[in-house]
Amino acid sequence: MTTMELNAELFRQLSIIAEDESLMRKAVKAVTRLAKQKETEETEYIGKEEILKGIDAGLKEMKLTREGKLAPKLARDFLNEL
């Protein structure tokens, strides 16, 4: 079935139970559960390369700060970045 056909079938089935409040509540719970599952699956994760680039940038910044070429960050500014 195509997405459009599935969409039409979903609405057809919902129209059958539309007058039964308890069945509609069950349908809403089921769809809500599926939506939350999809949100969880779509959560983005930081890749290894991105983590390593961040560590590298932080170490370079620390080196420049120690050499006096870069002003040190205040703890308050650091916490605001988080």
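This is a predicted model: local features need pLDDT of at least 70, side-chain atom pairs count only at pLDDT 80 or more; totals for chains, interfaces and linings use all residues.
Me: What makes the end-to-end distance of α3 agree with that of a helix?
Reply: Helix α3 covers residues 48–66, which is 19 residues. At 1.5 Å a residue they should span 27 Å, and the end C-alpha atoms are 27 Å apart, so the two values agree.

Me: Why is α2 said to lie largely in the open?
Reply: A residue is buried when its relative accessible area is under 20%. Of the 21 residues of α2, one is buried, so the helix lies largely in the open. Across the 82 residues of the protein chain, 1% count as buried.

Me: What makes the pair Glu21 and Arg25 a salt bridge?
Reply: The cut-off is 4 Å between a side-chain nitrogen of Lys or Arg and a carboxyl oxygen of Asp or Glu. Glu21 and Arg25 have a distance of 2.5 Å, N to O, and meet in a salt bridge. Both residues lie in α2, four residues apart, about one turn of the helix.

Me: Why is Arg25 called exposed?
Reply: Exposed means over 50% relative accessible area. Arg25 has 53%, so it counts as exposed.

Me: How many salt bridges does the rule give, and which residue pairs with Arg12?
Reply: The count is four salt bridges. Arg12 pairs with Glu9, and their closest N and O atoms are 3.1 Å apart. The two residues are three apart in helix α1 (residues 3–17), so about one helical turn separates them.

Me: What links Asp56 to Lys60?
Reply: Asp56 and Lys60 form a salt bridge, with the closest N and O atoms 3.2 Å apart. They lie in α3, four residues apart, about one turn of the helix. Asp56, at 36%, counts as partly exposed, and so does Lys60, at 49%.

Me: What forms the nonpolar patch on the surface?
Reply: The patch consists of Ile46, Ile51, Leu52, Ile55, Leu59 and Met62, with about 570 Å² of accessible area together. Patch residues need over 30% relative accessible area. Leu59, which lies in α3, has 48% and counts as partly exposed.

Me: How does the radius of gyration of the protein chain stand against that of a compact globule?
Reply: A compact globule of 82 residues would have a radius of gyration near 12 Å, but the protein chain has 26 Å. Its C-alpha atoms fill a box of roughly 75 × 30 × 15 Å along the principal axes. The protein chain has four helices and zero strands.

Methods:
Residues are numbered from 1 along each chain as its sequence is written. Side-chain values use heavy atoms; hydrogens and water are left out. The expected span of a helix is 1.5 Å times one less than its number of residues. Buried means under 20% relative accessible area, exposed over 50%, partly exposed in between (1.4 Å probe, protein chains only). Patches are made of residues with over 30% relative accessible area and no salt bridge: like charges are joined within 9 Å, nonpolar side chains (Val, Leu, Ile, Met, Phe, Trp, Tyr) within 5 Å. Accessible areas come from the Shrake-Rupley method with a 1.4 Å probe; for residues, only the protein chains shown count as cover. The radius of gyration is taken over C-alpha atoms; the globule rule is 2.2 Å times the number of residues to the power 0.38.
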